[in-house]
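User: Hello! I would like to understand the wording used for this model. Could you take me through the terms?

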Amino acid sequence: MIQNELKKAVGIKSVDLIQPHMTVGLGTGSTVYYMVEELGRRVQEENLAVECVTTSNRTWKQAEKLGIPLKKLDEVHTIDLTIDGADEIDQNYQGIKGGGGAHTREKIVALNSHQNVWIVDQSKMVSHLGKFPLPLEVNPFGSQQLFERLQAENLHPVFRVDDQGNQFLTHMKNYVIDLHLKEIKHPHLLADWLDHQSGIIEHGLFLDVVNTVIIGSDNGPKIID
Ligand code: 5RP
């Protein structure tokens with residue numbers, strides 16, 4: 001099966017986990033797109049009663065068009081379940097997110113959720129994290145000094161640019177620096193170091209976050225709890 005079909009299959013499958021009257025976090029990305037389409041269908045055709053918060057303006061707009069009831073994060077008391085994509089997942093179910101630059105909101109929503117589900121095609125499953133460049137959302141103020149500090153630590157930073165070659169800006173108008181590490185041997189140590197650097201708003205290491213992974217393979221979606 002081609003990658004988009006795998007993404008579609010896991011996106012649709014994940015909606016089975018949404019129960020009536022849940023508050024649901026909606027992630028960001030091309031896999032989540034299919035999940036939101038299916039959720040919209042069930043809201044419209046099956047009157048599935050849910051309220052949702054989103055991790056990006058893109059997902060908000062898609063969900064709004066489909067008539068999915070939406071709330072801002074600060075308007076909800078608790079999030080029952082969040083469904084999101086991922087860029088890499090290792091054998092211990094640790095992940096890298098932020099390929100779309102939405103990882104700060106994604107992490108805030110994930111850490112406020114009772115259950116987190118990641119939906120991925122099989123290409124995202126890896127033995128070790130790090131082949132996918134690790135995204136950092138950084139404050140533009142002092143970002144050059146931060147960049148040099150990351151270089152001095154041999155973390156191979158690269159400022160992310162958009163399709164036109166301009167500085168990539170997040171929803172919150174911050175920059176993204178991607179760390180081209182090839183392999184992350186000690187994800188918890190790196191996460192701890194990054195957590196303590198001023199100027200880094202959030203990094204894309206999502207450690208000990210996920211409860212369920214749905215992997216798209218040629219044999220159909222595989223659920224790992
Ligand atoms: C965005 C993310 C996405 O979840 C991640 O990039 C996966 O995206 P896709 O489903 O398009 O491969 O973390 O910040």
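Analyst: Happy to. Axes are lines fitted to C-alpha atoms, for helices over the stretch in contact, and angles run from 0 to 180 degrees between N-to-C directions. Helices (H or I, at least four residues) and strands (E, at least two) are DSSP runs, numbered from the N terminus. This is a predicted model, in which local features need pLDDT of at least 70 and side-chain atom pairs count only at pLDDT 80 or more, while totals for chains, interfaces and linings use all residues. Residues are numbered from 1 along each chain as its sequence is written.

User: What makes α2 roughly parallel to α3?

Analyst: The axes of α2 and helix α3 (residues 57–65) cross at roughly 25° and come within 9 Å. Angles under 35 degrees count as roughly parallel, over 145 as roughly antiparallel, 65 to 115 as roughly perpendicular and the rest as oblique. Therefore α2 is roughly parallel to α3. The contact involves Val32, Tyr33, Val36 and Gly40 of α2 with Thr59, Gln62 and Ala63 of α3, where two residues are in contact if their C-beta atoms, placed from the backbone, lie within 7 Å.

User: Why is α1 called oblique to α2?

Analyst: Helix α1 (residues 3–14) and helix α2 (residues 30–46) have axes that cross at roughly 45° and come within 7 Å. That angle makes α1 oblique to α2. On the α1 side the contact is made by Lys7, Lys8, Val10, Gly11, Ile12 and Ser14, and on the α2 side by Ser30, Thr31, Val32, Tyr34, Met35 and Glu38. These divide into five nonpolar, four polar and three charged residues (Ala, Val, Leu, Ile, Met, Phe, Trp, Tyr, Cys and Pro count as nonpolar, Asp, Glu, Lys and Arg as charged, and the others, Gly among them, as polar).

User: Which residues come nearest to the ligand?

Analyst: Gly29, Ser30, Gly85, Gly99 and Gly100 come nearest, of the 17 residues around the ligand. To be near, a residue has its C-beta atom, placed from the backbone, within 6 Å of the molecule or strand. The shell has two nonpolar, eleven polar and four charged residues, and α2 and α4 (103–111) each supply at least two residues of it.

User: How do you know whether Aspartate 218 is buried or exposed?

Analyst: Count the neighbours: a residue is buried if 20 or more other C-beta atoms lie within 10 Å of its own, exposed if 12 or fewer, and partly exposed in between, with C-beta atoms placed from the backbone. Aspartate 218 has 8 within 10 Å, so this residue is exposed. Aspartate 218 sits in the loop between β12 (212–217) and β13 (220–224).
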